[in-house]
Amino acid sequence: MAHYVLTTPLAEKDIRKLRVRDTVVLQGHIFGIRDATQIRMFDGKQAPPVDLRGAACIHTAPSLRKTAGGWEKICVGTTTSARMERFTPPLIEGYGVRAVIGKGGLLEGSLEAMKRFGACYLAIVGGAAAVETKQIEAVENVYWEDLHPEAIYKFRVKDFGPLIVAMDSHGNHLYFDIRNEALRRLPEIYRGMGV
């Protein structure tokens, strides 16, 4: 396992060196996205109003307050990623996203896109919203504001993480490894229970 500090936008060479179980801290900017954002992009066929090449995108619907000076962060938590599986391969291939941040991982289609195009999935610990919010220095922009709280958010971050590489560009998948190990141990567990 290795630890990396990466600054966005992310280069393919930076992503290709990451391996499952490595940890990453991000500097620079991350983009908040969620279901409604991607439904507009892919089902509605509308290109996003911001360049996502090299981006790290976090699955979130943040709690923000609009003020005269912009947007004030209240709580920026992360949501479960699996329901956004169908959007992730085209997000990586079509828009050049290099990292997806979320909870629970994604599936085989996303893993294949990560291998082909040089992207990864960075897992964040559930319940870490207070820490995440503190590591976001500012909400710099909100795109497609009519979708709030599922708009596109440009967050400036400092020392965002640590995040765990849960899916890498080499075809490794931490969640699948854990599932396979659990299945391998299941007969032993059942025997211990007298089943």
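**Rings, charges and a pocket: a short tour**

Hi everyone, let me start inside the fold: Phe42 is buried, and Phe87 is buried too. Before I go on, please keep in mind that this is a predicted model.

Aromatic rings come first. A pair of aromatic rings is described by the distance of the centres and the angle of the planes. Under the rule used here, there are three aromatic pairs. In one of them, Phe42 and Phe87 are stacked, at 6.0 Å centre to centre with 20 degrees between the planes. Where do these two sit in the chain? Phe42 belongs to helix α2 (residues 35–43), while Phe87 is in the loop between β5 (70–75) and α3 (88–95), so to speak a link between distant parts of the chain, 45 residues apart. Ring pairs also bring in Tyr95, and Phe42, Phe87 and Tyr95 are linked into a cluster.

Now look over at Tyr153 and Phe155. Their ring centres are 5.9 Å apart and their planes are at 10 degrees, so this pair is stacked. Tyr153 counts as buried because its relative accessibility is 0%, and Phe155 counts as buried at 0% relative accessibility.

Arg40 places its charged end over the ring of Trp144, 5.2 Å from the ring centre.

Side chains of opposite charge can pair when their charged atoms come close. The count for this model is 15 salt bridges, and I'll show you a few.

Let's begin with Asp14 and Lys13, whose side chains meet at 3.6 Å, N to O. Are these two partners buried or exposed? Asp14 has a relative accessible area of 14%, so Asp14 is buried. Lys13, with a relative accessible area of 63%, is exposed.

Next, Arg86 and Asp43 meet in a salt bridge at 2.8 Å, N to O. Arg86 lies in the loop between β5 and α3 and Asp43 in helix α2, so this pair ties together parts that are 43 residues apart in sequence. Arg86 is exposed, with a relative accessible area of 53%, and Asp43 counts as partly exposed at 42% relative accessibility.

Then we have Lys66 and Glu145, with a salt bridge of 2.6 Å, N to O. This one links distant parts of the chain, 79 residues apart: Lys66 is in strand β4 (residues 63–67), and Glu145 is in the loop between β8 (136–143) and β9. Lys66 counts as exposed at 51% relative accessibility, whereas Glu145, at a relative accessible area of 36%, is partly exposed. Elsewhere, salt bridges with shared partners join Arg34, Asp35, Arg83 and Glu150 into one network.

Last stop, the empty space. Rolling a probe the size of a water molecule over the atoms shows where empty space is left. The largest pocket has a volume of about 210 Å³. It is lined by 15 residues, and the closest to its centre are Ala123, Ile124, Val125, Pro162 and Leu163. Which elements give two or more residues to that lining? They are α5 (129–135), β9 (152–167) and α6 (174–192). Of these, β9 gives the most to the lining, with five residues. And what is the lining of the largest pocket like by class? It has 12 nonpolar residues, two polar and one charged.

Conventions:
Residues numbered from 1 in each chain as written. Predicted model: local features only at pLDDT ≥ 70, side-chain atom pairs only at ≥ 80, totals over all residues. Heavy atoms only, no water. 1 Å grid on protein atoms, 1.4 Å probe; cavity = no way out; pocket = protein on both sides within 12 Å on 5 of 7 lines; lining within 4 Å. Points joined across faces, edges and corners; volume = space filled by probe spheres on them. Helix = DSSP H or I, 4+ residues; strand = E, 2+ residues; numbered from the N terminus. Nonpolar A, V, L, I, M, F, W, Y, C, P; charged D, E, K, R; others polar. Phe/Tyr/Trp six-rings, centres within 6.5 Å; stacked < 30°, edge-to-face > 60°. Buried < 20%, exposed > 50% of the residue type's maximum accessible area, 1.4 Å probe, protein only. Lys NZ or Arg CZ within 6 Å of the ring centre and 35° of its normal. Salt bridge = Lys/Arg side-chain N within 4 Å of Asp/Glu carboxyl O.
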